[in-house]
Structure formats: structure tokens, C-alpha cells
Amino acid sequence: MLPLPDEWNFSSPLTEGERPEEFDAAEIKLRNALFDEGDLAMFTYDFGDDWQIALRVEEIIRNSSIPATDLPKVLDGEGYGIIENCGGAYGLKKLAAAFKRKRGPQYEEFREWLGVDSLDMTAFDIADMNYRLKKVPAIYRKIYENHQAPSRRSVAILTREYLKK
């Protein structure tokens, strides 16, 4: 058996081959890369915005009575989350400040871009996060791996349009 690397580098099909010893993210399941409680994985999402996401194994439950259809599941969190193409963490801070002020050219620009007049960046809805966790990966798989245009329903999920009703 080969020794396991100290650091795993995963790539999407769009970034494949950028680093040595890179693993295709679509080919590896987390349960085969994170083995013990306390293991930590760092992900870089959206290479233009460079979101850094930490995932720590809190507890491993074997022979659980939780149905597999309920997994994965968000147990806790905070804040609204990532807004695509806003400029990463720095851009998200600018966006949050503009919506807090509710005036000025940046607010008008963001308001027009997102199609909303207000945005609470501190809001966290665990039910919505778990809904999105089930839906969003499949949408991105269809778009990026299967090269299919997103449906209206998929766009509504990605943009959280369903919450505005």
C-alpha cells in the first residue's frame, strides 16, 4: 500500500493538472480522504474569487439510523453564504456594507445586479442550506460535467429566487 499524502490537492475538471499529485475531485469521496475525527480538509472554491472553505470531521457515526437520503446534512452554520462572482471575501464585505448603508452608487450597482433591495448577510436558514445542499451539486454537475444549460428551476435555486415568493 502506498503512503497517503499529508496534503491532498483536488481539482475540478476545469483546473485539472495545475498541481503535482492532484486528485480529480469527482473521483474521490470524502470518506476515502478523511479518516479520523478531527481531520481537516481545506477547499478552494471558484478560483477567480478564491473562497477558502474548511471542513473538519467532527464525529464519525457508524451504523447510523439516519437514512442515507438525509446525508450530507448541515448541522450548524452562520451567515448568508457565498454570493457568486462578487469578488470573494473582500467583495462580499463590500457588498454587505453597501446593503447595510442602503444608499450610494455601490448599493445601487449591487441592488441592480442581484435584483433585491435588501439583503441580510447575517441570516442563516438551516432548512434552506440543507435543501440547497441536496440540489446545488446536481445542478453544477449538469452544467459543468454534462454541459447542459440550467433549467429555469435550477436558476431559481442557484439565485434563491424561490425564497422571494
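Which exposed residues does the face of H1 turned away from its buried side carry? Tyr 90, Lys 93 and Lys 100 are the exposed residues on that face. The model shown is predicted; local features need pLDDT of at least 70, side-chain atom pairs count only at pLDDT 80 or more, and totals for chains, interfaces and linings use all residues. Residues are numbered from 1 along each chain as its sequence is written, and side-chain values use heavy atoms, with hydrogens and water left out.

View 1. H1 covers residues 88-101; helices (H or I, at least four residues) and strands (E, at least two) are DSSP runs, numbered from the N terminus. Its 14 residues should span 20 Å at 1.5 Å a residue, and the end C-alpha atoms are 20 Å apart, which agrees (the expected span is 1.5 Å times one less than the number of residues). Gly 88, Gly 91, Leu 92, Leu 95, Ala 98 and Phe 99 are buried in H1; buried means under 20% relative accessible area, exposed over 50%, and partly exposed in between, with a 1.4 Å probe and protein chains only. These buried residues fall within an arc of 125 degrees seen down the axis, so they line one face of the helix. The arc is that of the directions from the helix axis to the C-beta atoms. S4 and helix H2 (105-114) are included in what covers the buried residues of H1. Lys 102 follows H1 and has a positive phi, near 55 degrees.

**View 2. The ring pair of Phe 99 and Tyr 107.** The structure holds four aromatic pairs. In the pair of Phe 99 and Tyr 107, the ring centres are 5.4 Å apart and the planes are at 85 degrees, so the pair is edge-to-face. Rings of Phe, Tyr and Trp (its six-membered ring) pair if their centres lie within 6.5 Å; planes under 30 degrees apart count as stacked, over 60 as edge-to-face and the rest as tilted. Phe 99 is buried, with a relative accessible area of 3%, and Tyr 107 is buried at 7%.

**View 3. Asp 49 in its loop.** Asp 49 is in the loop between strand S3 (40-45) and strand S4 (51-56). Its relative accessibility is 14%, so Asp 49 counts as buried. Leaving aside neighbours within four places in sequence, Asp 49 is in contact (heavy atoms within 4.5 Å) with residues including Ile 83, Glu 84 and Cys 86. A polar atom of the Asp 49 side chain lies 3.3 Å from the backbone nitrogen of Cys 86.

Key
Polar contact = N/O pair within 3.5 Å; in protein donor to acceptor, adjacent residues only side chain to side chain.
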